Amino acid sequence: QLFILGSNSTITRTRGRKAKKILSPQLQKLAKEFEVNGGEWQKTKISELFDIVSGKQPNLHNRFDFKEEGMVNTITGATTMNGINFYSYSDESYNNELTISKDGEYAGTVFLQTKPFIIGGHCMGIIAKSELSNLVKVYISTLINKVRPMWGGKDRPSVQKNRLENLELE
């Protein structure tokens, strides 16, 4: 199922259960580390580990194509450049957190942001409630990315905040 984070923030499979195929060598390494450190799998809702923060597009006068001192990345629903669409001035920002594209063809695409950023339009932040390593966040992002097809709809694919919060990671 999902994981429990050990004191050293590693991840692995439950002993005694049939292991699921892990596609990436990096994920295989993480799973082995988690098991060696006594980790257990269990279903966990995103909202138990993260706060979901809806984005808001900065006004037109605070959107710049080139980054200058004091600016932060503005993450939108774009799926190029790790979701960075432009740069903005902001007194508050996040860092080392996940973002998810909210709607359109690439709805549900998750990125780890490792530089200060704000959450723009067509995007949500997946903000850890407690300290998690970036390695753990990357692992969780792959679990969320695996369910991207579930965001499809009749018209335009879209990630709804309440569905994301209640998503059970396995």
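Buried means under 20% relative accessible area, exposed means over 50%, and partly exposed lies in between, with a 1.4 Å probe and protein chains only. By that scale F117 is buried, at 0%. This is a predicted model, in which local features need pLDDT of at least 70 and side-chain atom pairs count only at pLDDT 80 or more, while totals for chains, interfaces and linings use all residues. Residues are numbered from 1 along each chain as its sequence is written, and side-chain values use heavy atoms, without hydrogens and water.

**Sheet and helix**

- Four strands form an open sheet in the order β2-β8-β5-β6 with antiparallel pairing; strands are DSSP runs of E of at least two residues, helices runs of H or I of at least four, numbered from the N terminus, and two strands pair if DSSP finds at least two bridges between them.
- The edge strands, β2 (50-54) and β6 (110-113), each pair on one side only.
- Strand β5 (residues 97-101) is joined to β6 by 4 bridges, and L98 has L112 in β6 as its bridge partner.
- Helix α3 (residues 134-146) lies across β2, β5, β6 and β8 (123-128), at about 165° to β6; axes are lines fitted to C-alpha atoms, for helices over the stretch in contact (heavy atoms within 4.5 Å), and angles run from 0 to 180 degrees between N-to-C directions.

**Aromatic pairs**

- The structure holds 2 aromatic pairs, meaning rings of Phe, Tyr or Trp (its six-membered ring) with centres within 6.5 Å; planes under 30 degrees apart count as stacked, over 60 as edge-to-face and the rest as tilted.
- F64 and Y89 are edge-to-face because their planes stand at 75°, with ring centres 5.8 Å apart.
- F64 is partly exposed at 29%, as is Y89 at 38%.
- Y94 and F117 form a tilted pair, 5.7 Å centre to centre with 35° between the planes.
- Y94 lies in the loop between β4 and β5 and F117 in strand β7 (residues 117-119), 23 residues apart.
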